[in-house]
Amino acid sequence: MKRTYPPPEIVTEMCTGCGLCAEVCPSFVLDMVGTKALVVRGEWCIGCGHCGAVCPVEAVVHETIADERAPRPGRRPATTADTLLMLLRERRSVRLYRNEPISDEILEQIIEAGRYAPTGSNSQNVHYVILRSSSEIASLRNMTMAFYEKVFSRVRKPIGALLLSLLAGRRIVEYLRELLPKVEYVKGLIEEGKDPLFYNAPVVMVVHAESWDTCSAFNCAVAIYNCSLMAHTMGVGCCFNGYLMSAANNDRKIKQWLGIPRDHRCFGAMTLGYQEVEFQRLVERTPAKVSWR
Ligand SMILES: Cc1cc2nc3c(=O)[nH]c(=O)nc-3n(C[C@H](O)[C@H](O)[C@H](O)COP(=O)(O)O)c2cc1C
């Protein structure tokens, strides 16, 4: 269901007629009529709050406007380019976790970062599943492992590989075949009692959203990435988990167990925990593949 918002209200006596609210509205809700802003297409409001946030005299009233003020004109954004770039570079995938729980307060703050992520049409359609119990995480681990056992046993057999390539495409089967030596190695690790899937993390986060919405994948990815950055600032390490994401979408039992509705897809997953090691150095990435036009 698409969320609907009550449209903004204009306090006409206060409106100075600057027109900024109408200019910034992405949904054509406001027009300038004479020297005043007027709500003319209220039913199209997506609740982004730009109108009220930009109004210099607080003549736009909308439920989404927060009490806090944004930085005043001329002030810098909350961080600098250098600080932001360093934050982005020093965030790394963390696969060694201390055996220490993360408090709900910290997890709520991490989710808060996801809540402020942008979403297509301001749908705010990202749903979170937070697993905090080691027995639940163990159950999910077992189910995910069982799913991949099944997948790789198919990949090993010619007929299974053929069926799988018809279902999922030839390239993915080639990729899975290349993974086979690693899979054997990982099996050995599991037999030794290690956890190469969730790295014994105390928390697992999954994000999901409606499949019909073409922006859902992006919405979820941005939200979970925001969460990972917030976690990093709080000393909590994260590692995205493509294996879980794929298993949640391709194994009905796992999807159901996670409480993901049938008309949703899982668009992101990650493990979280206090990190055991400190990274001493930054790493380089390959040059950006840019087509300057
Ligand atoms: C969509 C996605 C899926 C990932 N899946 C896994 C995974 O299942 N297991 C894992 O250990 N790391 C996973 N990673 C982490 C990547 O391996 C990691 O981001 C990459 O090697 C770069 O390292 P960095 O995150 O430390 O900068 C995933 C990352 C992304 C973005």
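Angles under 35 degrees count as roughly parallel, those over 145 as roughly antiparallel, those from 65 to 115 as roughly perpendicular, and the rest as oblique. The structure is a predicted model, in which local features need pLDDT of at least 70 and side-chain atom pairs count only at pLDDT 80 or more, while totals for chains, interfaces and linings use all residues. Residue numbers start from 1 along each chain as its sequence is written.

**View 1. The protein chain as a whole.** The secondary structure of the protein chain comes to 11 helices and eight strands, where helices (H or I, at least four residues) and strands (E, at least two) are DSSP runs numbered from the N terminus. Along its principal axes, the C-alpha trace of the protein chain spans about 75 × 45 × 45 Å. Of the 293 residues of the protein chain, 27% count as buried; a residue is buried if 20 or more other C-beta atoms lie within 10 Å of its own, exposed if 12 or fewer, and partly exposed in between, with C-beta atoms placed from the backbone.

**View 2. The crossing of helices α5 and α10.** The axes of helix α5 (residues 134-156) and helix α10 (residues 242-250) come within 10 Å and cross at roughly 80°, and the two helices are therefore roughly perpendicular to each other. Such axes are lines fitted to C-alpha atoms, for helices over the stretch in contact, and angles run from 0 to 180 degrees between N-to-C directions. In this crossing Thr 144, Phe 147 and Tyr 148 of α5 meet Tyr 243, Leu 244 and Ala 247 of α10, two residues being in contact if their C-beta atoms, placed from the backbone, lie within 7 Å. The residues of this contact divide into five nonpolar, one polar and no charged; Ala, Val, Leu, Ile, Met, Phe, Trp, Tyr, Cys and Pro count as nonpolar, Asp, Glu, Lys and Arg as charged, and the others, Gly among them, as polar.

**View 3. The residues around the ligand.** Around the ligand are Arg 92, Ser 93, Arg 95, Cys 239, Phe 240, Asn 241, Gly 242 and Tyr 243, where a residue counts as near a molecule or strand if its C-beta atom, placed from the backbone, lies within 6 Å of it. Two or more residues of this shell are given by each of β7 (236-240) and α10. By class, the shell around the ligand divides into three nonpolar, three polar and two charged residues.

View 4. Four strands form an open sheet in the order β5-β6-β8-β7, with antiparallel pairing; two strands pair if DSSP finds at least two bridges between them. The edge strands are β5 (127-131) and β7, each of which pairs on one side only. Between β7 and strand β8 (residues 264-274) the antiparallel pairing extends over five bridges, and the bridge partner of Val 236 in β8 is Tyr 274. Helix α9 (residues 216-233) lies across β6 (203-210), β7 and β8, running at about 10° to β8, whereas α10 lies across β6, β7 and β8 at about 145° to β8.

**View 5. The hairpin of β2 and β3.** Strand β2 (residues 30-33) and strand β3 (residues 36-39) pair in the antiparallel sense over four bridges, and Val 33 has Lys 36 in β3 as its bridge partner. The two strands form a hairpin with two residues between them, and Gly 34 in the turn has a positive phi of about 65°.
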